[in-house]
Amino acid sequence: MIKISLIFYILSALLFINGVVLAARGNVTVGLYIVFGLSICCFIWARFHAEIWQLTSSGILLCLRRLVLLGIAVYLLFMGLILSYSYTNVDYGEDIMIVLGAGVTNGKVSKVLQNRLDAAVDYYSKNSDIHIVVAGGLTRQKDTTEAAAMAEYLIANGIPKDIIILEDKSQSTLENYKFTKHILENKHIDFDSVVFVTNDFHIFRAKKYAIHCGFKNAHALSTRTDLFTFIPALTREVLGVIDMFLFKLK
């Protein structure tokens, strides 16, 4: 029988390698720090789990152990909830497409954002009677907006310029929807249903925000996340979902 310690040593090593690959790519985010933190925790547990279990067997430390286990259980529950929504449910009859921003560097869309835009181009080939909103404000470099870079990419890939609407002020998913709704209302564009384009791990939160902002009939176009990015993105997304429930949906 495989020892629990060996499993956690392996898990620690895999998480550490995952973090190193992401750091080498320049993908330094909160998710990256979480991955390294999990790697360290797994290593400590593998090396000292017997001692830790004995130390926390009574008194206040026992209560602390139970709180930690409860926190882990809640975290895993949220992960399961997020994953249960990570699918596409479009009918190719939607009136508006909203492509949610996901990072631009030196005026070029990130790989994650490129995947979303490629999905938008593919969708357009099946339903060309649609307006496409590209949503995202200024990037970290302050040199361009996500919306401008996204529009440039779509036009280069055959999407007509006159159906693209730029929402270039937002700095979050919630603002993506709020500002998009305002633009559509100002342009007097009527719509019955919308499709939002984002990564699989982001569907749950994006759907909640869409409904919250008045897009009641919102469908998801899910794009896959590469293996090395998925774990940090998912762990970070749990924090985003908790923040949404505690502070944003009020």
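Reply: Axes are lines fitted to C-alpha atoms, for helices over the stretch in contact, with angles from 0 to 180 degrees between N-to-C directions. Helices (H or I, at least four residues) and strands (E, at least two) are DSSP runs numbered from the N terminus. The model is predicted, with local features requiring pLDDT of at least 70 and side-chain atom pairs pLDDT 80 or more, whereas totals for chains, interfaces and linings use all residues. Residues are numbered from 1 along each chain as its sequence is written, and side-chain values use heavy atoms, without hydrogens and water.

Helix H3 (residues 59-83) and helix H8 (residues 227-248) have axes that come within 10 Å and cross at roughly 100 degrees. The two helices are therefore roughly perpendicular (65 to 115 degrees). In their contact (heavy atoms within 4.5 Å), H3 contributes Tyr 75, Phe 78, Met 79, Ile 82 and Leu 83. Among the residues that H8 supplies are Phe 230, Leu 234, Glu 237, Ile 242 and Phe 245.

Elsewhere, five strands form an open sheet in the order E5-E4-E1-E6-E7, with parallel pairing (at least two DSSP bridges between two strands). Strands E5 (164-167) and E7 (218-223) lie at the edges and each has a single partner, so one side of each lacks a neighbour in the sheet. On average, neighbouring strands are turned by 25 degrees against each other, direction ignored. Within the sheet, strand E1 (residues 96-100) runs parallel to strand E6 (residues 194-199) and is joined to E6 by four bridges. Met 97 stands opposite Val 195 in E6. Helix H6 (residues 173-186) packs on this sheet, touching E1, strand E4 (131-135), E5 and E6. The direction of H6 makes about 125 degrees with that of E5.

Conventions
Angles under 35 degrees count as roughly parallel, over 145 as roughly antiparallel, 65 to 115 as roughly perpendicular and the rest as oblique.
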